[in-house]
Amino acid sequence: MHGDQFPAAEKILSDIENVFKRDKDLKDFEILPVTVGENKSPVLHAEHTLGLQEWCVRHLYVHVYHKLTNLKQQQRLRREDPNTLSRLLLGGVLLNPDCTFLWNIRRELIVMGRFDLFSDLHINAVTLSRRPKSSEAFVYRRWLLSRILESYLDASTTLSILEEELRVTLMAANRYANNYHAWNHRMWIMSHLPQAQDHFINEWVSSEEWISKHVSEHSGLQYREYLFKQIMQNVGHTYFCHKLRLSLENFFLPLKSSELYCVSLKDSTPLKQLHSLVIDILEQKDFCSSCPIKCGSNPHILHIGFLAYELLLVTELIRLYPGHEALWCHRRFVLFSLYSIVKEINTYEASKSDISDGVPHPKAQKLSVSDIEIECNFLWSVIVRHEESLLEECSLCTPEESYQSKLAFRHQEWVEKILKRSGSCVKQSTS
Amino acid sequence: MRKTLLSMIQSNRNKLEVLKQPWWIPPILRKKPQHSFSVCTGSMKQSYVQLRRVFMEEEALINKKLPKELLLRIFSCLDVVSLCRCAQVSKAWNVLALDGSNWQRIDLFDFQRDVEGPVIENISRRCGGFLRKLSLKGCQSIADGSMKLFAQLCHNVEDLNLNLCKNIGDSTCQALSKHCPKLQRIDLGSCCEITDNSLKALSDGCPALTHLNIAWCDSITHFGVEALAHGCPKLRSFMCSGCVQLNDAAIRVLAEHCPNLEVVNLFGCNLVTDEAVHKLAENCHGLHYLCLSGCTLLTDASLIILAQQCHLLSTLEVAGCSQFTDTGFQALARSCRLLEKMDLEECILITDTTLMHLGMGCPRLEKLSLSHCELITDEGIRHLGMSPCAAENLTVLELDNCPLITDASLDNLVSCHNLQRIELYDCQLITHTGIRRLRSNLPNILVHAYFAPATPPPAVGGTRQRYCRCCVIL
């Protein structure tokens, strides 16, 4: 009945399908603002882009939707001619990717082995080009990929899948601000594809450019945080150390003017090692081309290097683009990671001293010891120095940037509450 | 053998959902019977007992009045689903309804997803020599093993449809050739594993073959077809769309040995030349359906020889034969006066002259496709509209992608009272007003054009509701 109202629908659908068949590299789908129809196909195809004129969209979608719901109600979906069905579904998901019903029929047909997984992946990518924030489409994509990953894949296929996924998610993230689904999908890809480990560093480098262009996008920053955590789990990327050396140098610069600079610590604990390493870096001593920060001798220096790099980057971004809460949140992540490292070193020290005494301390006591020691840890004092200078700078900002000072105030509160031990120092600076 | 099946059916007699799951489904696939009677009230139990007695003890009126032979005769008119229902009624009916004589013609197309090997084996055991016609169209799970058993047991089969049974291979055809000499019609369309060996086997064992469909079995070559032609001289219908390896030699032998050919489909056999058509036309005068779409090497010579020899031609499909010109169609229209359906899509050289001759020569023309015939103008349509066929028979006219057609053509078609569908996609000179005028004259016509319908479509519940019902009310 509805088919009679708009007989051209089937023709338009087959036109769309033909474009998909002809152009395997189809990238985009757009609806063109043409409201008056001529007796001419509303399907246009140029430069790997599929265009559909606006006047037919509504009629087409009504046709597809009614036809599919009728088939579903009469339980004839399985017996329908697969070609007709795939045409209808293709039109349906292109026009409304948020409709779970359509994706579910596709799922059913995939399970029955009537649709090809890879061509479905392509259709899904084209769908995402118009609606980059469709969570249903991303969910379906993950479903497809997990089905693909179930079977054995050779290395080149996995690599091409990875590249395609990275392209699709980047495209989606670029087209829709704060696209949580895209970044979430990217994270999923990085943790599920077997070859993704080799790409963490590349991703980390390329995401720097992205976050400096999208300063208020928390999803992107969160992805970077995810990458950081992943990189930390398998450290040992020495080729990166030249870059980190410079940031370490800048990071520890306040130490030079501090009294902690020449303090010599008791024995060859990791803290002591770290300290001597830092001093080496600051004095540009022992510059070795293979690994300038000697990350092999101390496991923490590389972590600190990454975090220092990140902290300096985020400081610069906060200065350049005042009033973006996402940056402050990211800063808190960096600070908290640094805080955990400091704590880790101190507990190690404490436990070592305990063992040397021969009598292990009760747990509560041990914690308090490490808490006290945090304050006199040279690393912690450097961090506090950095926070102080930034907060000071923000308190001086102009009235137009009142939001920035509000954010700075919140940050200060957070620092006081979470990183309690440093509270006194920060208070002094702002009062 | 038959008893085992029978006992299986009887043990399942009380199931209520058997209607959905016919008996040929192996028992594992069936659902467990619902023991609903235990929760029934006393009176219902009583009435059930009564009913049971009435039906089971052969005291039912219908069983008394009608002799078994007559009941059997009635059952033989029922379809598969009704027979299965009747088999649930009583022991007596079960025996009668499942009698092999009722199962001479089986079409399992509606159950294609559920049909698997054991189903075919059950059916062949039960029906045996009674089975004449079996359609397994689209039953993709069927494999050679069960078909071999089928061939052994149902040796009287005459009509077998295996279209889209993609797992079927040569050994099925070899078994059929061995056991089923009465086979007349076989449809092997889209069974891509079929090779020349199948055709050779069929030619050896099935001399009665009249109808053969090997569409899209693209490993078939001229060797297979030649063997077939030698062994099956009664062939009347030969469909080999998409068998791209077939050449002139194959068609020549076929035409020489099978003079009874009436239906020939050579869709997409692009090696075929005028010579093959020449042989076909010379030998098979009874030809009434011929599809030569996609045979791009053909020229007007083919049309002229067809016009001279095959006067009974009623359907001619020549889509994509781009070398055909007005000369060929003029000859054809003059002598083949019985033409009803013509597909001239993409015969790009034809002009209004062809339409003029078709209009004059073919009064029975019902369906005419002129898609992508870009030289056609209003003048040609005017000739067609004035011809006798237009007023009486013309029902479908396809004019899509004819860029020169204007609204004047539509005005010329007003006298075609039977016209039901007209395609005008991409005819850019056609306007909305022209279509409206045509519609007002022929109210039942279906116009296919890209124009959006005048009435706005009803709202769709397609987009997911953003709020639940209570939130909407609030």
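I begin with a term: a residue counts as buried when its relative accessible area is under 20%. The model I am reading is a predicted one.

**Entry on helices H7 and H8 of chain A.** I looked up Arg141(A) and Glu165(A), whose side chains meet in a salt bridge with N and O 2.8 Å apart. Arg141(A) sits in helix H7 (residues 135-150) and Glu165(A) in helix H8, so the pair ties together parts that are 24 residues apart in sequence. Both Arg141(A) and Glu165(A) are buried.

**Entry on Arg175(A).** I found that the side chains of Arg175(A) and Asp28(A) form a salt bridge at 3.1 Å, N to O. This pair links distant parts of the chain, since Arg175(A) belongs to helix H8 (residues 155-175) and Asp28(A) to strand S1 (residues 28-32), 147 residues apart. Arg175(A) is partly exposed at 38% relative accessible area, whereas Asp28(A), at 18%, counts as buried.

**Entry on Glu10(A).** I noted a salt bridge between Glu10(A) and Lys67(A), with the closest N and O atoms 3.4 Å apart. Glu10(A) is in helix H2 (residues 8-22) and Lys67(A) in helix H3 (residues 54-73), so this bridge ties together parts that are 57 residues apart in sequence. Lys67(A) counts as partly exposed, at 33% relative accessibility.

**Entry on the interface.** I then turned to the contact between the chains, which takes 28 residues from chain B and 29 residues from chain A. Together the two chains bury about 2,400 Å², 56% of it on carbon and sulfur atoms.

How values were computed
Residues are numbered from 1 along each chain as its sequence is written. Chains are lettered from A and ligands numbered from 1 in the order in which they are written. This is a predicted model: local features need pLDDT of at least 70, side-chain atom pairs count only at pLDDT 80 or more; totals for chains, interfaces and linings use all residues. Side-chain values use heavy atoms; hydrogens and water are left out. Contact means heavy atoms within 4.5 Å. Buried area is the accessible area (1.4 Å probe) that two parts lose on being put together, summed over both. A salt bridge is a side-chain nitrogen of Lys or Arg within 4 Å of a carboxyl oxygen of Asp or Glu. Helices (H or I, at least four residues) and strands (E, at least two) are DSSP runs, numbered from the N terminus. Buried means under 20% relative accessible area, exposed over 50%, partly exposed in between (1.4 Å probe, protein chains only).
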